[in-house]
Amino acid sequence: MKIGFLGPKGTFTEMAARGLFEKGDFLPFRTIPSCMDAVATEEVQVAVVPIENAIEGSVNMTLDYLIHKQRLPIIGGITVPIEQHLLMNPDYQGSKIDKIVSHPHAIAQCHEFLQNYYPDTEWEYMNSTGAAAEYVKNHPELAIAAIANERAAQEYGLKMAHTNIHDFENNGTSFVVLSKEPLNVLYEGANFMEDKTTLMVTLPSDYSGALHQVLSAFAWRKLNLKKIESRPTKTGLGNYFFIIDVEGAMDDVLIPGVVSEVEALGCGVEILGSYPCYTMAKNKAKSF
Ligand SMILES: O=C(O)C(=O)C[C@]1(C(=O)O)C=C[C@@H](O)C=C1
């Protein structure tokens, strides 16, 4: 099976993909949209992409592309522990750093460290932490460093100048698996955490109390919400839809009941996926 992930080698997304699939052809893609497009064109069967980080919140690129451009079913999820390190080229002889490169989320996870140790150093955003590490490897003549993981340090032969530079402990990122088909070859060796169902709800315009009523439909059925997030519909200022994660798998009674009740309020409802979620232990993340 062909498994697409946000590449190049050494990204956290690769860790997530390898944590979920023990075997297969792992194919790196330069961007999240290109990885998702590859599922649509059947270049790969599944894509693994980041969706939410414990420090920085949602990965808007994934959510927005999924909603507006490439509506692929979510068929699985995994949460991976995130440890960020500052990586330098061992061939660089100087001591000062002119620029730090990484994925925007990785830079955001290390703001305090950057403020304390490199307050005057500029940053440059890259498509992924792996791309940043690769860039540092390819430019030994530059006074630059990448924020990336230990696996990237090994992959690109970089030295770890500072370790564990993320600002908060228990840093973790959730990734989703997107596929046109349900798969049952997943998840050998990963730790099952829970089933989850993700819905997208669009409220009718100018209906006071609509969100309150939507939430009541979940509340009185005792359906536990894991997350609610608003994103712009991109149709005009002030227009939003809500992405709601509910604990539990799609069933015959409760979730269909919520859907009918919320639709009866005049809301649009779509189910983006009902899927098992897994976690990766720290020691497992390190072993990749
Ligand atoms: O750059 C990577 O390594 C990724 O897999 C992307 C990503 C993200 O999108 O948040 C994943 C995990 C980390 O939070 C930082 C970056």
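**Ligand shell**

I started at the ligand: α1, β3 (46–53), α4 and α6 each supply at least two residues of the shell around it. Helices here are DSSP runs of H or I with at least four residues, strands are runs of E with at least two, and both are numbered from the N terminus. Of the 15 residues around the ligand, T11, T13, P50, H105 and S128 come nearest; the cut-off is a C-beta atom, placed from the backbone, within 6 Å of the molecule. By class I get six nonpolar, nine polar and no charged residues in that shell. For the classes, Ala, Val, Leu, Ile, Met, Phe, Trp, Tyr, Cys and Pro count as nonpolar, Asp, Glu, Lys and Arg as charged, and the others, Gly among them, as polar.

**Model check**

This is a predicted model, where local features need pLDDT of at least 70, side-chain atom pairs count only at pLDDT 80 or more, and totals for chains, interfaces and linings use all residues. Residues are numbered from 1 along each chain as its sequence is written. The protein chain averages a pLDDT (the predictor's confidence in each residue, from 0 to 100) of 93, and 97% of the residues score at least 70. For the complex, the predictor gives an ipTM of 0.95 and a pTM of 0.94.

**The sheet**

Next I traced an open sheet of five strands with mixed pairing, in the order β8-β7-β9-β6-β10. Two strands pair if DSSP finds at least two bridges between them. β8 (122–125) and β10 (159–162) are the edge strands, each pairing on one side only. Inside the sheet, β7 (residues 99–102) and β9 (residues 144–148) pair in the parallel sense over three bridges, and I100 stands opposite A145 in β9.

**Helix α6**

α6 (residues 129–138) packs on the sheet, touching β6 (85–88), β7 and β9; contact means C-beta atoms, placed from the backbone, within 7 Å. Its direction makes about 155 degrees with that of β9, with axes fitted to C-alpha atoms (for helices over the stretch in contact) and angles running from 0 to 180 degrees between N-to-C directions.

**P73**

Last, I found P73 in the loop between α3 (60–68) and β5 (74–81). P73 counts as partly exposed because it has 19 C-beta neighbours inside 10 Å.

Conventions:
Contact = placed C-beta atoms within 7 Å. Buried ≥ 20, exposed ≤ 12 C-beta atoms within 10 Å, placed from the backbone.
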